[in-house]
Amino acid sequence: MRPNAVLISLLWCCCAMTVSACTKVAAPPVATADNKQVQNRGAGKDNWWDALPRPEWSAFTRIDQDVSWFEVYLISDDIYAIYEPGQFEEVISFLILGKDQALMFDTGLGIGDMRRVVDQLTSLPVIVLNSHTHYDHIGGNHQFKTIYAMDTDYTKSRALGSTTEEVAEFLSEGWVWKELPAEFDAAGFRSRPFVISRRVGEGDVIDLGGRRLEILETPGHAPDSICLIDRQNRVLFTGDTFYLAPLYTHIPGSSFEDYARSAARLAGMAGDIDSAITSHNVPVVDSSYMTALGDAFADIRAGKAKNYAVSDGNYEYQFGGFSVIVRADEPGLAKD
Ligand SMILES: [Zn+2]
């Protein structure tokens with residue numbers, strides 16, 4: 001889940017790169033990022049979709065497929081980004097191919113037919129692993145047979161699915177601008193239950209054949225948040241632990257203290273990666289953002305982060321390209 005919409009204008013400092021010649025994820029130059037919160041979402045007010053299409057996507061090769069709800073891009077050798085720009089979350093799921101099997105890192109909102117897209121991209125056996133189990137990352141899980149999951153009570157409860165009432169808001173006015181698929185049952189929209197095949201956790205390595213993905217437990221945004229690191233290719237998949245938008249520490253199930261520890265951990269790994277692959281808005285950011293993330297949480301905890309605004313009883317601290325939303329009753333907040 002992504003908190004509040006932002007308009008992000010990343011200015012490119014060089015021409016678009018192609019990925020076909022690269023053996024590693026191409027790290028787009030991130031020159032500047034202007035993080036403007038969009039409030040009062042909805043008809044006649046600021047429309048988050050006015051920021052679309054986000055220019056960052058033009059750096060990547062778009063892949064033809066026949067499910068119009070999704071846009072699919074090849075963002076590196078054997079990594080596809082499956083993007084849902086039609087709904088406010090602008091969530092991105094990733095299909096990562098090895099020689100022997102493929103990993104789906106999240107399955108999106110459950111509005112479009114994710115399985116149909118994946119079947120057009122690979123014939124390999126597919127493992128699903130969620131970056132965390134918020135509704136916008138697990139929507140297509142039920143379409144897959146092999147699902148690896150964290151061994152947490154939170155994950156188990158999310159695997160049971162949701163009611164329609166719990167997710168109805170996410171299709172309401174101001175949340176969706178693109179036409180919903182004809183076959184999609186909006187009135188029946190819910191997180192569908194899914195069956196967990198195998199428990200995984202910290203340090204586990206998923207070997208896809210020629211590509212090894214290591215699980216890092218990074219709770220904070222959600223209790224079961226993880227990142228994946230591909231050490232050989234120097235790439236980190238951050239899930240919702242980092243993206244270029246407001247980061248949530250304030251929603252049910254989130255934990256500022258856990259998030260701060262996870263942020264410090266990722267900052268310590270900035271030298272191990274060239275780029276980070278994020279799950280909302282734009283797919284790839286420079287590894288330096290991991291350092292910025294760690295610094296941001298450290299400054300908030302120390303009361304040194306002074307650029308903030310108060311809304312809905314929360315503090316939103318602004319940093320370059322992202323912000324952090326913190327409950328007002330957290331310790332270490334700058335309040336003067
Ligand atoms: Zn989330």
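Which residue in S13 is the bridge partner of Leu216? Hold that thought for a moment. What you're looking at is a predicted model, and I'd like to walk you through a few parts of it.

Back to Leu216: the bridge partner in S13 is Cys227. That pair belongs to a bigger picture, because strands count as paired once DSSP finds at least two bridges between them. Strand S12, residues 212-217, and strand S13, residues 226-230, are joined by 4 bridges and run antiparallel. Both sit in an open sheet of 6 strands, ordered S11-S12-S13-S14-S16-S17, with mixed pairing. At the edges you'll find strand S11 (205-207) and strand S17 (284-286), each pairing on one side only. From one strand to the next, the twist averages 25 degrees.

Okay, now strand S20, residues 322-327. Of its 6 residues, 5 are buried, so it's mostly covered. S20 pairs with strand S15, residues 246-248, in the parallel sense over 3 bridges, and there Tyr248 stands opposite Ile325. With strand S19, residues 314-319, S20 runs antiparallel, and 6 bridges join the two. Tyr317 has Val324 in S20 as its bridge partner. S19 and S20 form a hairpin with 2 residues between them, and Gly321 in the turn has a positive phi of about 90 degrees.

Last stop, helix H1, residues 114-121. Its buried residues are Met114, Val117 and Val118. Look down the axis of H1 and they fall within an arc of 95 degrees, so they line one face of the helix. And what covers them? The cover includes strands S4 (71-76), S5 (79-83), S6 (92-97), S7 (102-105) and S8 (126-129).

Technical notes
Residues numbered from 1 in each chain as written. Predicted model: local features only at pLDDT ≥ 70, side-chain atom pairs only at ≥ 80, totals over all residues. Buried ≥ 20, exposed ≤ 12 C-beta atoms within 10 Å, placed from the backbone. Arc of directions from axis to C-beta. Contact = placed C-beta atoms within 7 Å. Axes fitted to C-alpha atoms, helices over the stretch in contact; angles between N-to-C directions.
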